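Before reading on, please take a moment with the sequence and the 3D structure shown here.

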Amino acid sequence: MALDADVVRLRRGDLNALAELITRYQNRLYRYLLRIVRQPAEAEDLFQQTWLRVIEKIRSFDASRNFDAWLFTLARNLAIDHLRRVRPKSLDEPIASSEHNELEADRIPSKDPTPLDDALAAERRMEISEAMSELPMIYREVLTLRFEDEMKIEEIAQVTAIPISTVKSRLRRSMERLRYALEARYPGGLQP
Amino acid sequence: MSDHAKIRELLPLAAAGALTSAEEEQVAEHLRSCIACSNELAAWRPIASELYRLPTPQPSPRLVQATLMRAQAKLTEQAEHDWNRRVVIVLVAFAWLLTFANWAVFRLVSGRFGTLLDLQFGHTWISFAAFNALGWLAGGVAAVLLAVRQRDQRRLA
């Protein structure tokens, strides 16, 4: 696999290459960390720590690996260590709803808020985002990697270091739990 | 588990686009004859579709700048560390070179340069060993003191 030019430059200690990579990955990486830890301030700190870890480890990065998967694996390890230290229960349990009343995603206005349909759709997505944040960490993670980062199942398996069959069963369970939560909010079901 | 139940388990994955081509064929085949599963898949699709379109949370604009500043400090520290390691290697090699060169100087001073490789345990040999041991000890202490001082400076920065 050919190495990304910016990754090659970063291996030589080029700060501009790092700036390029951070800019390129900032939204995806931040979103992934926010979905895992659910607190914007913690996600921002982990975002910085992830890039510092990239600098430390870039020389040992195996060129045959996918940089995206490697980057997300570093971020994941840091986020899980952080949760183990700060909120060990959050690795398994959903948090109380008061703790995530102000999700970062909630503060993002719709791109086109004037038509009623768009407003309703934005509200629905917010509801989904909230329902998703109430799921356990392993389910939130697999949902964000599949749907928001649009990673293939094989890439998710690399990032999470679990077999493909486990990724699929996690994905299925996460969707089932999300649907259950949404049906409790919308008894009539989601309108396409 | 019946085929129907197996296919039903695959439906959320079908909506998520996470099936292999063989599984996709299996599902398509089953849906041709099962209205219940077709309806079930139809219920999964809007959920998947909304998940693909969730709003992306944006990091604060200062985050990238703050990350770059910390990264720059880290890169500088790493470059300094690499430089220090190279300097230490060169200095140690140079010190060994001087140690061997000193032997010749000692033999010359003691008037026995002709027997350069004669390692008889004598007065010259003891002086040579003591001189070099003192040199290495002083060098080692200086290196440790410098390393401690540098570490303290880094902590304060």
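What follows is a set of questions and answers about this predicted model.

Q: How many helices and how many strands does chain A have?
A: From the N terminus on, the elements of chain A run α-α-α-α-α-α-α-α. The secondary structure of chain A therefore comes, with helices and strands taken as DSSP runs, to 8 helices and 0 strands.

Q: How many helices and how many strands are there in chain B?
A: Read from the N terminus on, the elements of chain B run α-α-α-α-α. The count for chain B is accordingly 5 helices and 0 strands.

Q: What percentage of the residues of chain B is buried?
A: A residue counts as buried if 20 or more other C-beta atoms lie within 10 Å of its own. In chain A, which has 192 residues, 32% count as buried. In chain B, which has 157 residues, the buried residues make up 12%.

Q: Which residues does A:Leu33 touch, not counting residues up to four places away in sequence?
A: Leaving out residues up to four places away in sequence, the contacts of A:Leu33 are with A:Ala43, A:Leu46, A:Phe47, A:Ala75 and A:Ala79.

Q: Which element gives the most residues to the side of chain A that touches chain B?
A: Between the two chains, 41 residues of chain A are in contact with 33 residues of chain B. On the side of chain A, the elements that give two or more residues are H2, H3, H5, H6 and H8. By class, this side has 22 nonpolar, 8 polar and 11 charged residues. The element that gives the most, with 10 residues, is H2(A).

Q: How are H8(A) and H1(B) oriented to each other?
A: Helix H8 (residues 164-185) of chain A and helix H1 (residues 3-15) of chain B pack with their axes 9 Å apart and at an angle of about 85°. Angles of 65 to 115 degrees count as roughly perpendicular. H8(A) and H1(B) are therefore roughly perpendicular.

Q: How far apart are the end C-alpha atoms of helix H4 of chain B?
A: Helix H4 (residues 61-109) of chain B has 49 residues, and at 1.5 Å a residue they should span 72 Å. This helix is hardly covered, since the count of buried residues among its 49 is 2.

Q: Is A:Arg38 buried or exposed?
A: A:Arg38 lies in the loop between H2 and H3 of chain A, and A:Arg38 has a positive phi of about 70° although it is not a glycine. Because A:Arg38 has 22 C-beta neighbours inside 10 Å, it counts as buried.

Q: Is A:Ala161 buried or exposed?
A: The place of A:Ala161 is in the loop between helix H7 (153-160) and H8 of chain A, and its phi, near 55°, is a positive value in a residue other than glycine. Because A:Ala161 has 10 C-beta neighbours inside 10 Å, it counts as exposed.

Q: How far apart in space are B:Glu77 and B:Arg154, C-alpha to C-alpha?
A: B:Glu77 lies in helix H4 of chain B, and with 13 C-beta neighbours inside 10 Å it counts as partly exposed. B:Glu77 and B:Arg154 are 77 residues apart in sequence, while in space, C-alpha to C-alpha, the distance between them is 9.2 Å.

Note on methods
Residues numbered from 1 in each chain as written. Chains lettered and ligands numbered in written order. Predicted model: local features only at pLDDT ≥ 70, side-chain atom pairs only at ≥ 80, totals over all residues. Contact = placed C-beta atoms within 7 Å. Helix = DSSP H or I, 4+ residues; strand = E, 2+ residues; numbered from the N terminus. Axes fitted to C-alpha atoms, helices over the stretch in contact; angles between N-to-C directions. Parallel < 35°, antiparallel > 145°, perpendicular 65-115°, else oblique. Expected span 1.5 Å × (residues − 1). Nonpolar A, V, L, I, M, F, W, Y, C, P; charged D, E, K, R; others polar.
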